[in-house]
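The exercises below are meant to be worked through with the sequence and the structure side by side. Try each task before reading the solution that follows it.

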Amino acid sequence: MNAIAGRVVLYGAILLFGIAGPYVFPAYTQQMASLWLFIVFALSWDVCGGQMGYNSFGNVFFLGLGMYTCAVTQVGLVYEVSEYTSARGGSAEFAFTSGEWLTGLLLGLPLGAVVAVLGAVVFGMFILAMRGHYFAICTLGLGIAAGELAAGWDWIGAGSGMTTPMSPSALGDTNVLLYYLAFVLAVIAFVFFRWLYSTRFGLAINAIRDGEEKAEAMGLRTTRDQGHGLGDRGRVPRRCRGHLRQPQDLHRPDRRGFLRCNVRRLDDPHGHPRRQGHAVGAGDRGGDLPGDEGAVLDLPARLAAGGPRAADRADRGVLPDRDPRVPARALPPALRPRRGRGGGRGRGGEMSAMLEVSGVTKAFGGVVANDDISLQVAQGSIVGLIGPNGSGKTTLFSSIVGYHPVDSGSIRFEGEELSRLRVPEVARRGLLRTFQQTRIYGEMTCTENMVISADLRKAGVLELFRAQPRDVEQRAGELLEFVGLYEKRRERAGSLSFGQQKLLELAMALMNDPRMLMLDEPTAGINPTLINGLIDRLTRANTELGVTLFVIEHNMRVIMNLVGHVYCLAHGQLLADGRPDEVKNDPRVLDAYLGAT
Amino acid sequence: MSSLDILVQAPIFNLQLIIEGLLIGAIFALAAYGLALVWGVMNIINVSQGELVMLGGFVAVYFHGAGIHPIYAVPAAAVFLYIVGYLLYRLVVFRIVGRDMFISLLATFGLSIILQQLMNQAFGSDVRTADAGMGTQYLFGSQITVGEIKVVAFALAIVVGAILAWFLKRSRLGQAIRATAQDARAARVLGIDIHRVYAQTFALNAALCGAAGALVAMAYTVHPYFGLPYTVRSFMIVIIAGLGNLPGVIIAGMLLGIAELYAGFILGTQFQLAFVFGLLVVVLVWRSQRLARKRQFLE
Amino acid sequence: MTESSGPGSTDTRRGDVDAGAGTLSVDEVARQAQAIAAEGPPLETLDRLAGDDPLLTIDALQAGYGRMQILHDFALRVGRGQSLCLVGPNGAGKSTVLHSVFGFTRIYGGRITVDGRDVTGLGAEEKLRRVGIAYVLQDNSVFPDMTVEENLLMGGYLMPRPADARVAAERVFDKYERLAQRRRQPARVLSGGERRLLEISRALVMEPDVLLVDEPSIGLEPRFISTVFEILDDLQRNEGKTILMVEQNAKKGLEFADIGYVLVAGQLAMAGAGSELLEDPEVGKLFLGG
């Protein structure tokens, strides 16, 4: 209640200041108008840079499109533009009456917004394929190139720019009028973005920033969402641009103009704890390198992420062998197995395989990572995949979920051919994978991580812009409870210990009601004493939620106790398969692990 | 259109543009070489590259104002900028090594603005030059004019670049720099202090920029706000040539110089910078599309 | 693979669960893991294997990367001029032991000594310069665009004078004719075996007493593997180097080494003479999870 009251007081004070400003500080009307505009710039930069991770140095480009469009409209309705600009707008014969001026403004504002959005769409097609610093530098170039063009183009006033003074002014002080336009725009922008971030779309663009690959693996269509983001960015700044044509400096092509749009997050009253740039949260990144080699290289990042002692402590707190509050057989309804498509779990040999890999071969530049692999995973089972380092296990996983094309062979999931589908399409069919290194959205809270992972299969464009449905949040809470993270639901996911992040990742995957989960070394890097809790959750996900599991695991002891059937790869080929104890005693498997002489 | 007509009807004029382009392109290449060095070794794109060039230029301007022949400013600017670069590393840049590249972009961008404003305070916002007092050569019956200082600057740019290349190849520190760039992990295992290598790399890059800037001041002009185009040119050259490709950098630098002069001549000099930045966008789009084609996708 | 082998197993497993064994099997895992740790060889055994005069000792080491602790209470002894090979299943923390000795991990507890001197907190540079430990990275760590000679000179980067490094490089060239023939060629043109030779000899330039060798056979064609082990054997027998090695190919590694340690999940499970372990069926079981 106090928080809400505080917020009401804060917003009320801001509104009051906004409305009364010009009368209290009449000498600073223009500066205050600029303040509101800067807020709009910051908000609009934030949607692309802060929220989506596309850090732009070039918002001035859209700004310029908006302001020149508006000014040219205003002038063009009354005079020949070239004559007007060659007179440098100075002489009395080119004055505007109030009516002309207002008409021009009313027409110019929406037109400016439209042109800016068009510019964003056109350039977005070319530059959104770039990531990270290339995007930043490209937008820097775009902004300055546009500024230099404007500075050289006589038709729009070249270096002197355009200004459209109204004279004689019948509307009183135009500064005050423009001030209120800017203020109203700031309010609109603020409300608009608050609403935007409350929708699925808002979370989706966050997810893109945190990890595009992960977002895709979860079934988000990233390119579509990015397009929206740039479009939004296109919208607000140029619209506002039209308003303040009066102060001449804002109209002149300004080589440093983008700086203004860069004032990041002037205000962020939402209290979202996460809107730091992606780069700041180094915790869960840098894990791209395999195994120990990677460890040396990203040591600094991992050290920065905090030591393991605190982590271990936290792990113990959250990973009791069995969560006493969730009795195994008395799950809430939302957690009960959903047996839609399959019609219940089959038994033994009567049913066909859920996942069927036949004759899959995949080579990377001459090195055959998978050679004619065939295997099956039955619905409702837990199947293991083992093999020495470099035997091609992860490659096989990646082939199945669509990270790369296979050279030959077929991968069928519930009878449907997967080998030509891309990652999001596979994910939407209920086949999900997790990674050796956790891929959570470190800057979002646990609940947000869960919500963004929710099934997007049926969500259309419109639904993206609706608020989160209640039942999604409820289910998020239930699943967090299921893995024992309920108490941590409001904490930043990046602040969790490694073991907890693994559990969160499991819960996120379960959010999608997957038909089948493929887990890549779920216990890697977890303290042996904490593995039990994870194994327990996996077993229960299988028995109680009816999720089929396909598990790569290095900890043989675990896999022997977890799975019912195991396949062993060696040198990219299927070496053996059978029940764990059979495979364990297979001399060929032993040889593969010990290294042939 | 009329400027195009000139090029067609007086072909000798093309030669004028090409020569001028080659001469200035060598200086572009010098700054690009430094950018590539820092990029390759530290994985940082130094956006303040152009400001370092301008700072070197103002050293030459200062020498000229003090009555010293600006040619002496070339080594002096290199030494001065070496110190500046070393301090910048120890104050700022070491914090961003190994971080996300966008952090390094923001940080060096901030550096560039600080340098810009400091130069503006110290030297004023006039376009300056350090007149070396050299004449002009007239070739082909006066149809082509070449400022002697531009030729001297070109030659000095080649010399400075060669010295750095030799240093990287032969000296112990240079070898450590190359080793770190090729395999930082292996370098650490051999006991190389990577942060010392980084500091030296950044300082050397600044020295290189200083020398290039002194040449710019003598042959062309400097201004506190003219730095960014040099950064962008360097970046483009490295993108086109590829990291660690010295001959490629020289060729790309000279091609860029020629392209710029043609653009300035055909479009009008007021659009020359618009061309540079527009070309940057085009080059980046070209690069991303080429990469996209390379990537394997099912469809 | 037969039709029944895959799906048929489901029944067996579910039978376990229905019998209430779902959580019991988990406890079983924990029990067995603890049993391994408890059954781990006592320090006396390690001392005995090292001939009761260890050059390099590790005691109660807790180490890892960032928040990932990998080694739990690890101990090790190796005597002067001995070779010790760490084997174990993937992810057991073998390389982490080497990284910890060289100063590349975060060490949360424990002690590492060389010749009685505590070196736990020292960085890589001091290890090389003062303690006499050198590290051979796994998999391709030559500087590809530098010549073979330059690569060797980098090995002597810490020497006070460049001339010393050149002398040391000449010594290497005298010893290994194959490298001498290619001294002016860039290292990227070397064959896999030659690269590994260059990596090892580059580490020798500083004349270390202890060589840490990470996965010498990884990524090598079979015909080069024995060559590499011959080189290491020569260094141990004829130059008195102490070698601490991690090897994926357990048979090769145990054949080579005087002492073998088997790691499981960051803990020492077995220790014995290399040849002894080679014959021990228990080792195989450990690799496959008991």
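**Exercise 1.** Which residues in helix 6 of chain B meet which residues in helix 7 of chain B?

Solution. Keep in mind from the start that this is a predicted model. Begin with the two elements themselves: helix 6 of chain B covers residues 148-170, and helix 7 of chain B covers residues 172-182. On the side of helix 6 of chain B, the residues are B:Phe167, B:Leu168, B:Lys169 and B:Arg170, and they meet B:Gly174, B:Ile177 and B:Arg178 in helix 7 of chain B. Two packed helices are described by the angle between their axes and the distance between the axes. Here the angle is about 80° and the axes are 5 Å apart, which means that helix 6 of chain B is roughly perpendicular to helix 7 of chain B.

**Exercise 2.** Describe how strand 1 and strand 2 of chain B are joined.

Solution. Strand 1 (residues 136-139) and strand 2 (residues 144-147) of chain B pair in the antiparallel sense, over four bridges. In one of these pairings, B:Leu139 has B:Ile144 in strand 2 of chain B as its bridge partner. The two strands of chain B form a hairpin with four residues between them, and in its turn B:Phe140 has a positive phi of about 50°.

**Exercise 3.** In what order do the six strands of the open sheet in chain C lie, and which are the edge strands?

Solution. The order in the open sheet of chain C is 6-7-8-3-9-10, with mixed pairing. At the edges are strand 6 (133-136) and strand 10 (267-273) of chain C, each of which pairs on one side only. Neighbouring strands of this sheet are turned by 15° against each other on average, direction ignored. Next, look at the end of the order: strand 9 (residues 259-264) of chain C is joined to strand 10 of chain C by six bridges, and the two run antiparallel. Within strand 10 of chain C, C:Gly272 stands opposite C:Gly260. Finally, turn to the other end, where helix 8 (residues 192-204) of chain C lies across strand 6 and strand 7 (210-214) of chain C, running at about 165° to strand 6 of chain C.

**Exercise 4.** How many residues does the contact take from chain C and from chain B?

Solution. Chain C gives 18 residues to the contact, and chain B gives 15 residues. On the side of chain C that touches chain B, the elements giving two or more residues are helix 4 (124-131) and helix 5 (148-155) of chain C. The residues of that side of chain C divide into 12 nonpolar, two polar and four charged.

**Exercise 5.** Is A:Glu521 buried or exposed, and where is this residue found?

Solution. A:Glu521 is found in the loop between strand 7 (516-520) and helix 22 (528-545) of chain A, and its phi is positive, about 50°, although the residue is not a glycine. A:Glu521 has 21 other C-beta atoms within 10 Å, and therefore it is buried, since the cut-off for a buried residue is 20 or more. For A:His571, phi is likewise positive, near 50°, and this residue lies in the loop between strand 9 (565-570) and strand 10 (573-578) of chain A. With 15 other C-beta atoms within 10 Å, A:His571 is partly exposed.

Terms used
Residues are numbered from 1 along each chain as its sequence is written. Chains are lettered from A and ligands numbered from 1 in the order in which they are written. This is a predicted model: local features need pLDDT of at least 70, side-chain atom pairs count only at pLDDT 80 or more; totals for chains, interfaces and linings use all residues. Two strands pair if DSSP finds at least two bridges between them. Axes are lines fitted to C-alpha atoms, for helices over the stretch in contact, and angles run from 0 to 180 degrees between N-to-C directions. Two residues are in contact if their C-beta atoms, placed from the backbone, lie within 7 Å. Angles under 35 degrees count as roughly parallel, over 145 as roughly antiparallel, 65 to 115 as roughly perpendicular and the rest as oblique. Ala, Val, Leu, Ile, Met, Phe, Trp, Tyr, Cys and Pro count as nonpolar, Asp, Glu, Lys and Arg as charged, and the others, Gly among them, as polar. A residue is buried if 20 or more other C-beta atoms lie within 10 Å of its own, exposed if 12 or fewer, and partly exposed in between; C-beta atoms are placed from the backbone.
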